[in-house]
Amino acid sequence: MLYLRSLAFNLAFYVSLVVQMIFWTPFYFLSPRDRAWFVPKFWARTSLWLHRVLAGTRSEITGLENLPEGSFILAPKHQSFWDAIAFFPYLNDPLYILKRELTWIPFF
């Protein structure tokens, strides 16, 4: 059963990713920055919803009230890909910093 749920999630995740990329690309590139952030936040929410519904996992983020106003650095431990998208819907205007080696990955 676990294998089937994992397979269903992965299939739905990648299909959702491709469909949303095709659908939202014009809006993302033609919108002002504050409106364009809707697209990756919507994708993150959709991915987390699929994770909850198909994979059957629940997640809880606590301490959001402790985030300061204005700019700050949020440094998750990166134990999986989940933490790269889990915080995204809760941040107003995020900026990701990545190490140089990640730019070697095509289409990153």
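Searching the whole structure turns up 12 aromatic pairs, where rings of Phe, Tyr and Trp (its six-membered ring) pair if their centres lie within 6.5 Å, with planes under 30 degrees apart called stacked, over 60 edge-to-face and the rest tilted. Take Trp 24 and Phe 38: the ring centres sit 5.2 Å apart and the planes meet at 75°, so this pair is edge-to-face. Trp 24 belongs to helix H1 (residues 2-30) and Phe 38 to helix H3 (residues 38-53), so the pair ties together parts 14 residues apart in sequence. Helices here are DSSP runs (H or I, at least four residues), numbered from the N terminus. The two rings are also part of a cluster, in which ring pairs link Phe 23, Trp 24, Phe 27, Phe 38 and Phe 42.

A word on the model: it is predicted, so local features need pLDDT of at least 70 and side-chain atom pairs count only at pLDDT 80 or more, while totals for chains, interfaces and linings use all residues. Residues are numbered from 1 along each chain as its sequence is written, and side-chain values use heavy atoms, leaving out hydrogens and water.

As for accessibility, buried means under 20% relative accessible area, exposed over 50% and partly exposed in between (1.4 Å probe, protein chains only). Trp 24, at 16%, counts as buried, whereas Phe 38, at 36%, comes out as partly exposed.

Back to H1. The buried residues of this helix are Phe 9, Phe 13, Ser 16, Gln 20 and Trp 24. An α-helix has 3.6 residues a turn, so residues three or four places apart point the same way. H3 is included in what covers the buried residues of H1. Ser 16, with 14% relative accessibility, counts as buried; leaving aside residues up to four places away in sequence, Ser 16 touches Thr 46 and Leu 50, contact being heavy atoms within 4.5 Å.

H1 also has a kink of about 50° at Trp 24, shortly before the proline Pro 26; the bend is the angle between axes fitted to the seven residues ending at a residue and the seven starting there.

Finally, the whole structure holds 1 salt bridge, meaning a side-chain nitrogen of Lys or Arg within 4 Å of a carboxyl oxygen of Asp or Glu. Asp 93 forms this bridge with Arg 33, the closest N and O atoms being 2.8 Å apart. The partners come from distant parts of the chain, 60 residues apart: Asp 93 in the segment after helix H4 (82-86), Arg 33 in helix H2 (residues 33-36). Asp 93 is partly exposed, at 48% relative accessibility.

Notes:
Helix = DSSP H or I, 4+ residues; strand = E, 2+ residues; numbered from the N terminus.
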